[in-house]
Amino acid sequence: MLAAPRSGADQAALDRAISVLAEHFADSGATRLDLPHIYQADGLLDLYGEDLRARAFVYPDPDQGRELCLRPDFTVPVALAHADQGWDQVASYTYQGPVFRRQPPGLQRPVEYMQAGIERFGDTDRIAAEVGVFKSLYRGLSELDLDEPEVTIGDLSIPFAILNALDMPEHRRASLRRHFWRPNRFRDLLERAQTPSKARKVPGDELDQRVNEAGEIVGLRSITDVTKRLIRLAGARNDAPVRPEQAQLIDRVLQIRAPARSALIELEKISGTAGVDLSAIIETLAKRLEALDVAGIGMDRVVFDASFGRNLEYYDGFVFELRAPGDPHGHPPLAGGGRYDAMTTRLGSPAPVPAVGGIIRPEAVLEALA
Amino acid sequence: MSALTIGLPSKGRLQEDTIAWFAERGLEIVRDGTEREYSASVKGFGDVTVQLLSAGEIPRELAAGRIHMGVTGRDLIHERIPNLEAVIDMRFAMGFGHADLIVAVPAFWIDVVDMHDLDEVAHDFREAHGYPLRIATKYHNLARQFLNEKGVAEYRLVDSQGATEAAPKNLNAEAIIDITSSGETLRANHLKMLEDGLILASEAMLCLSRSAEWDGVSSETKTRISDQLGIDRIEPT
């Protein structure tokens, strides 16, 4: 859906909302960052997961024979700007402006909309930083007169911790971890992991010859790449399949969706089954809930959803979204964010840097208030 | 009354087969002027206009309602018009122009037989090279949709509007997504199809535009054309 021109009272209301948020985020000590709308496509889009990459508006640069794109979000551009400051810096940034996304056909969703947000890097007190960002957005909504939103939280480190605790070879764990954001593929891989490998045993000394005879070398993958993988697959023939009760454990946990305190109790019940101890996870979640409670977030309106965040590739820890009261799924969320430490290594940091942030969509807030 | 406008492919085998198909049904397509002029008419039908268009543009012309009827490949319609049900009535398959849209990789990749392998290899490739595995295609939408369904994530599409099979040989891509009919061009370019790499079986389709202005066309013309084509009603349903 293309945006309509805006004028008069609508424009004044949006201007006001954006300046209220700018002031609100600046008050928290965040540095104001102005970012370009247009980036070189290759460099930027390779950093995103497939979903956002496919949804970016890409077009040829008439000047250089390369492709350009409109920014599909702020997280990656802000993180890249932070990288220029140095990954070892502790910093927080605030930003605002439009983002641009192609939308699936038939869905009446805007292809451009405003975001105003905050990103924090390098905070060693992880829970404090997460709750800090959450509070910033929660209070930001309140500054716009949107009170008592519906809150959904999740924590992607939980399924990852379970994956780490299951008995399986490292290569299987790695592919499951990498495909966590694609539930169908994840399920397929989990099923494969429970059945014995079908790879054939390969005699090592004839391999190069067999690959050579199969066809001319085209593309940038080499003969060695092929033979190495064949040997690895043959080696995986002896892998013990994942035990069904362990595979089911992941499912049981991912199905948890309940008021936050009840979710904690469900996790406690599951802990210890199939030989997997969840106590560290439970402790972190309990601490985070405690911190949210202390910050004045009514726990009765907070739902914990263990699968939440599976459609947002770069998040890998705490995730949250805030929706208008009484309209949990009719409209897009008003605000949302989360932790994305792992992505910092993709952007060039030698080790994962603590990174957490989130955005408010002022237009969606105004619509919810109207 | 306004003319009924038909869009037909402007060249090649697809055009020949289309003209023969219409001729078998008593509709003789006659080119106006010289070979180089891209318009034609139907003998004996004064109020039918034929536009000779690139097969790739026919879906767009149908969607925009600038032509009432058109012939093009199923692959091109799905690729160009994501929300096609709303705008195009793919009335029937014409029985020629068969071709498959497929995923192909170098034949020497004997460790890769299906999409599951391709995904693993794509990941290893990115780790090794620092950028995603490249897949050459002109079918960007269908490619993305299929790779997404199969859970292949770490790739980059490289636009290729022709001679796509040569992209790996020219080191512009590692794999391709393209149309093949016999597989000969794939083999000649040292490629093979993946076992579960069939994206779409395509053929020539007679399509009706839902957005064209049908009311302006005389009912006599509509009846005569539908009688010749052997269909109930020429307007889209």
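Q: In this predicted model, what percentage of the 370 residues in chain A is buried?
A: A residue counts as buried if 20 or more other C-beta atoms lie within 10 Å of its own. Of the 370 residues in chain A, the buried ones make up 38%.

Q: What radius of gyration does chain A have, and what would a compact globule of 370 residues have?
A: The C-alpha atoms of chain A fill a box of roughly 75 × 60 × 45 Å along the principal axes. A compact globule with 370 residues would have a radius of gyration near 21 Å, and the value for chain A agrees with that.

Q: How many helices and strands does chain A have, and what share of its contacts joins residues at least 24 apart?
A: The secondary structure of chain A comes to 15 helices and 12 strands. Counting contacts in chain A between residues at least 6 apart in sequence, the share that joins residues at least 24 apart is 70%.

Q: Are helix H6 and helix H11 of chain A roughly parallel or roughly antiparallel?
A: Helix H6 (residues 157-165) and helix H11 (residues 244-254) of chain A pack with their axes 10 Å apart, at an angle of about 170°. Angles over 145 degrees count as roughly antiparallel. Therefore H6(A) and H11(A) are roughly antiparallel.

Q: Which residues make the contact between H6(A) and H11(A), and how do they divide by class?
A: From H6(A) come Ile158(A), Pro159(A) and Ile162(A). H11(A) brings Leu249(A), Ile250(A), Val253(A) and Leu254(A). By class, this contact of H6(A) with H11(A) has no polar and no charged residues, and 7 nonpolar.

Q: What percentage of the 237 residues in chain B is buried?
A: Turning to chain B, its secondary structure comes to 8 helices and 12 strands. Its C-alpha atoms fill a box of roughly 65 × 35 × 25 Å along the principal axes. Among the 237 residues of chain B, buried residues make up 45%.

Q: Which strands stand at the edges of the open sheet of 5 strands in chain B?
A: The order in this open sheet of chain B is E9-E8-E10-E7-E11, with mixed pairing. An edge strand here has a single partner strand, so one side of it is left without a neighbour in the sheet. The strands at the edges are E9 (155-159) and E11 (191-202) of chain B.

Q: Which residue is the bridge partner of Ile135(B) in E10(B)?
A: Strand E8 (residues 133-137) and strand E10 (residues 175-180) of chain B run parallel and are joined by 3 bridges. In E10(B), the partner of Ile135(B) is Ala175(B).

Q: Is Ala63(B) buried or exposed?
A: Ala63(B) is found in helix H2 (residues 58-64) of chain B. Leaving aside neighbours within four places in sequence, Ala63(B) is in contact with Ile81(B), Val87(B), Ile88(B) and Ser211(B). Because 23 other C-beta atoms lie within 10 Å, Ala63(B) is buried.

Q: Which helix gives the most to the side of chain B that touches chain A?
A: The contact takes 27 residues from chain A and 26 residues from chain B. Helix H5 (115-129) and helix H6 (140-149) of chain B each supply at least two residues of the side that touches chain A. With 5 residues, the helix that gives the most to this side is H5(B).

Methods. Residues are numbered from 1 along each chain as its sequence is written. Chains are lettered from A and ligands numbered from 1 in the order in which they are written. This is a predicted model: local features need pLDDT of at least 70, side-chain atom pairs count only at pLDDT 80 or more; totals for chains, interfaces and linings use all residues. Helices (H or I, at least four residues) and strands (E, at least two) are DSSP runs, numbered from the N terminus. A residue is buried if 20 or more other C-beta atoms lie within 10 Å of its own, exposed if 12 or fewer, and partly exposed in between; C-beta atoms are placed from the backbone. Two residues are in contact if their C-beta atoms, placed from the backbone, lie within 7 Å. The radius of gyration is taken over C-alpha atoms; the globule rule is 2.2 Å times the number of residues to the power 0.38. Two strands pair if DSSP finds at least two bridges between them. Axes are lines fitted to C-alpha atoms, for helices over the stretch in contact, and angles run from 0 to 180 degrees between N-to-C directions. Angles under 35 degrees count as roughly parallel, over 145 as roughly antiparallel, 65 to 115 as roughly perpendicular and the rest as oblique. Ala, Val, Leu, Ile, Met, Phe, Trp, Tyr, Cys and Pro count as nonpolar, Asp, Glu, Lys and Arg as charged, and the others, Gly among them, as polar.
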